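Have the structure open as you read.

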Amino acid sequence: MARDLPFSIQLHSARLFPPVTDHLPHLAALGYTNVEPTDVLYDDASALRETLDESDLTALSGHFSLHMLESDPDAACRIAETLGMRLLVCPFIPVELRPAVTDEWRRFGDRIATIARLLRSRGFDFAWHNHDYEFRPLRDGSMPIQHIAADPAVHLEVDVAWVALAGVDPQPWLEGYAGRIAAVHVKDIAPRGSRADEDGWADVGTGIVPWPKLWKTAVAAGASLLIAEHDNPRDFDRFARRSIDAMRAFAEMARGEPMLAAR
């Protein structure tokens, strides 16, 4: 039987429409119950927690920079505890620090595993969030994601759309890492040649990613958070509204109920 999961949204999607926290009451009114903040919102974690509580929203996961997780994990844990997070996610490697060859990726995987084990010792889960570059083959045929996730302590927050943009079918990867999929970003890709003003992204359910099938796969793989995201929406309210409509439909399909059309 399909699990009921919180309807979640990544607050990075609202960054072009500041202040981001002003959107929280409306997100709650739409039916979202959980948000995923990024580190630009952590300057006053107590104030953020108060704002979330006022809208009856949780922040069960959050994005933290690689620099903070390595240089000041105590600060990251304090922020997570204040906000009630159970999952800390590392979302990105700056281009200038990105490994280039297999041995460098293996060493980077060791660094990520060290972070994961430390956070687990503090009572938190840890996941790596991918872009497309982790799914582009290296010269020996391996992929960076295989080295990043070499240690079982490292879980994944799979951004399905970025996997697809690397030319890789996301489904086998979701299935192959079943039990280690902590969260999934529910992001959509516009048909080729459209939505150039939104960098080719689409509101969830309006693009080409086969989300009804992948939603079921993600849930079966153990994802406890499925989080709507759009990297460059022209209208954040439109994205949030259409996306939760679509996610409700996917969840109903997973339960075997009739699907509702996204507005």
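D197 has a relative accessible area of 40%, so it counts as partly exposed. Bear in mind that this is a predicted model. D197 pairs up with R234 in a salt bridge, the closest N and O atoms being 2.9 Å apart. Since R234 sits in the loop between β10 and α10 and D197 in the loop between β8 and β9 (201-202), the pair ties together parts that are 37 residues apart in sequence. R234 itself is exposed, at 58% relative accessible area.

Searching the whole structure turns up 16 salt bridges. Here are three of them:

| Salt bridge | Closest N and O atoms |
|---|---|
| R234 and D197 | 2.9 Å |
| D231 and K187 | 3.1 Å |

What about R238 and D203? R238 is in helix α10 and D203 in the loop between β9 and α9, 35 residues apart. R238 counts as buried at 11% relative accessibility, and D203 is buried too, at 1%.

Now for the helices. α2 (residues 45-54) packs against α4 (residues 73-83) at an angle of about 20°, the axes being 9 Å apart, so the two are roughly parallel. Residues making the contact include L48 and L52 of α2 and I79 and L83 of α4. By type, the contact residues divide into five nonpolar, two polar and two charged.

Lastly, T217 lies in helix α9 (residues 211-220) and is buried, with 11% relative accessibility. Beyond its neighbours within four places in sequence, T217 contacts Q171, L174 and E175.

Terms used. Residues are numbered from 1 along each chain as its sequence is written. This is a predicted model: local features need pLDDT of at least 70, side-chain atom pairs count only at pLDDT 80 or more; totals for chains, interfaces and linings use all residues. Side-chain values use heavy atoms; hydrogens and water are left out. Helices (H or I, at least four residues) and strands (E, at least two) are DSSP runs, numbered from the N terminus. Buried means under 20% relative accessible area, exposed over 50%, partly exposed in between (1.4 Å probe, protein chains only). Contact means heavy atoms within 4.5 Å. Axes are lines fitted to C-alpha atoms, for helices over the stretch in contact, and angles run from 0 to 180 degrees between N-to-C directions. Angles under 35 degrees count as roughly parallel, over 145 as roughly antiparallel, 65 to 115 as roughly perpendicular and the rest as oblique. Ala, Val, Leu, Ile, Met, Phe, Trp, Tyr, Cys and Pro count as nonpolar, Asp, Glu, Lys and Arg as charged, and the others, Gly among them, as polar. A salt bridge is a side-chain nitrogen of Lys or Arg within 4 Å of a carboxyl oxygen of Asp or Glu.
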